[in-house]
Amino acid sequence: MTAQLATEPTTTPTAPILTFTGVTLSFAGVTAVDDVSFEVGQRELFAIIGPNGAGKTSIFNVLSGVYRPDRGSVTFNGTDIIGAKPHRIAGMGMARTFQNIELFSNLTVLDNLMLGRHNHISYGALSAFAWLGRARKAELAHRAAVEDIVDFLELEQWRMLPVGLLPYGVQKRVELGRALAMRPKLLLLDEPVAGMNQEETEDMARFILDIRDELDIPMIMVEHDMGLVMDLADRIMAVDFGKQIATGTPAEVQNHPDVIHAYLGED
Ligand SMILES: Nc1ncnc2c1ncn2[C@@H]1O[C@H](COP(=O)(O)OP(=O)(O)OP(=O)(O)O)[C@@H](O)[C@H]1O
């Protein structure tokens with residue numbers, strides 16, 4: 001991996017990249033997130049688990065600025081982000097993949113990845129005209145960064161093909177690539193292996209670990225595949241009916257009586 005994919009420095013090496021403190025979010029009559037608190041370290045793969053309707057997507061939507069919580073605070077890289085618009089939070093370096101693939105299916109892999117660079121392309125039409133050389137140089141740098149991602153995620157054979165023609169598992173990988181193209185300081189993965197077969201799941205697991213260990217990008221992952229979560233996550237938070245019921249290492253969370261109860265519905 002070349003320097004093209006390296007992220008800019010974060011606040012201090014030991015400060016958490018994200019703090020989520022006492023957050024509550026309600027929709028008419030439903031408390032989707034109920035006084036939830038957690039922190040994510042700068043090299044951490046943090047997973048959020050819980051049964052359907054537990055509040056996982058709502059937590060992601062608070063993080064990425066889609067919903068403003070009723071109470072609580074959220075800081076990202078040392079900055080309070082409550083009330084910030086999604087594009088601003090994305091511009092600060094929080095990238096997200098979605099449960100349902102959100103790519104331009106008739107554009108090629110390379111073009112979809114270039115769109116991920118969008119928030120780093122800082123020259124406007126006028127400055128591009130006045131500083132054509134600089135703009136060209138920037139364009140070349142963006143192309144090089146995208147080619148790095150193609151190598152990293154082993155997408156070479158598909159790079160010039162329209163995304164809509166690719167197998168499902170490869171499309172999910174391209175979506176991950178588009179998030180990486182933003183040079184994120186934090187990556188939110190929403191069910192990264194949902195709908196994948198065994199082989200695709202194993203490939204994705206390998207890439208997620210490489211992102212943490214080689215690119216040093218912290219991640220928050222929502223995932224229903226318990227085997228994957230237990231294998232990959234450094235720490236896990238379990239939620240049920242909007243409440244946080246356990247937070248700890250995979251072994252701690254897996255054996256927690258409230259987690260077993262939430263999943264099995266019995267003691
Ligand atoms: N926009 C909304 N309007 C009303 N209620 C909502 C809205 N979004 C979520 N909810 C409710 O909040 C609760 C939490 O939903 P959420 O989608 O966050 O759960 P989840 O853990 O992500 O579930 P799943 O695993 O099925 O994706 C549910 O009761 C849901 O019906």
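Residues 24 or more positions apart account for 68% of the contacts in the protein chain that have a separation of 6 or more; two residues are in contact if their C-beta atoms, placed from the backbone, lie within 7 Å. The structure is a predicted model, in which local features need pLDDT of at least 70, side-chain atom pairs count only at pLDDT 80 or more, and totals for chains, interfaces and linings use all residues. Residues are numbered from 1 along each chain as its sequence is written.

The protein chain has 10 helices and 10 strands. Helices (H or I, at least four residues) and strands (E, at least two) are DSSP runs, numbered from the N terminus. Of the 267 residues in the protein chain, 37% are buried. A residue is buried if 20 or more other C-beta atoms lie within 10 Å of its own, exposed if 12 or fewer, and partly exposed in between, with C-beta atoms placed from the backbone.

**Sheet and helix α1**

Four strands form an open sheet in the order β2-β1-β4-β5, with antiparallel pairing. β2 and β5 (79–80) stand at the edges with a single partner strand each, so one side of each is left without a neighbour in the sheet. α1 packs on this sheet and touches β1, β2 and β4. The direction of α1 makes about 65° with that of β2; axes are lines fitted to C-alpha atoms, for helices over the stretch in contact, and angles run from 0 to 180 degrees between N-to-C directions.

**Strand pairs**

Two strands pair if DSSP finds at least two bridges between them.

| Strand | Partner | Sense | Bridges |
|---|---|---|---|
| β1 (residues 18–27) | β4 (residues 71–76) | antiparallel | five bridges |
| β3 (residues 45–49) | β8 (residues 219–222) | parallel | four bridges |
| β3 | β9 (residues 235–240) | parallel | four bridges |

Phe20 stands opposite Val74 in β4.

**Nonpolar core**

A nonpolar core is a set of buried Ala, Val, Leu, Ile, Met, Phe, Trp, Tyr and Cys residues joined through C-beta atoms within 7 Å. The largest one has 70 residues, of which Leu187, Met219 and Ala238 touch the most other members. Helix α6 (residues 168–181) gives the most to this core, with six residues. Leaving aside residues up to four places away in sequence, Met219 touches Leu45, Leu187, Leu189, Ile208, Ile211 and Arg212.

**Ligand shell**

The ligand is surrounded by Phe27, Val30, Ala32, Gly50, Asn52, Gly53, Ala54, Gly55, Lys56, Thr57 and Ser58. The shell divides into four nonpolar, six polar and one charged residue. Here Ala, Val, Leu, Ile, Met, Phe, Trp, Tyr, Cys and Pro count as nonpolar, Asp, Glu, Lys and Arg as charged, and the others, Gly among them, as polar.

**Gly91**

Gly91 lies in helix α2 (residues 86–91). Gly91 is partly exposed, with 14 other C-beta atoms within 10 Å.

How values were computed: Near = placed C-beta within 6 Å.
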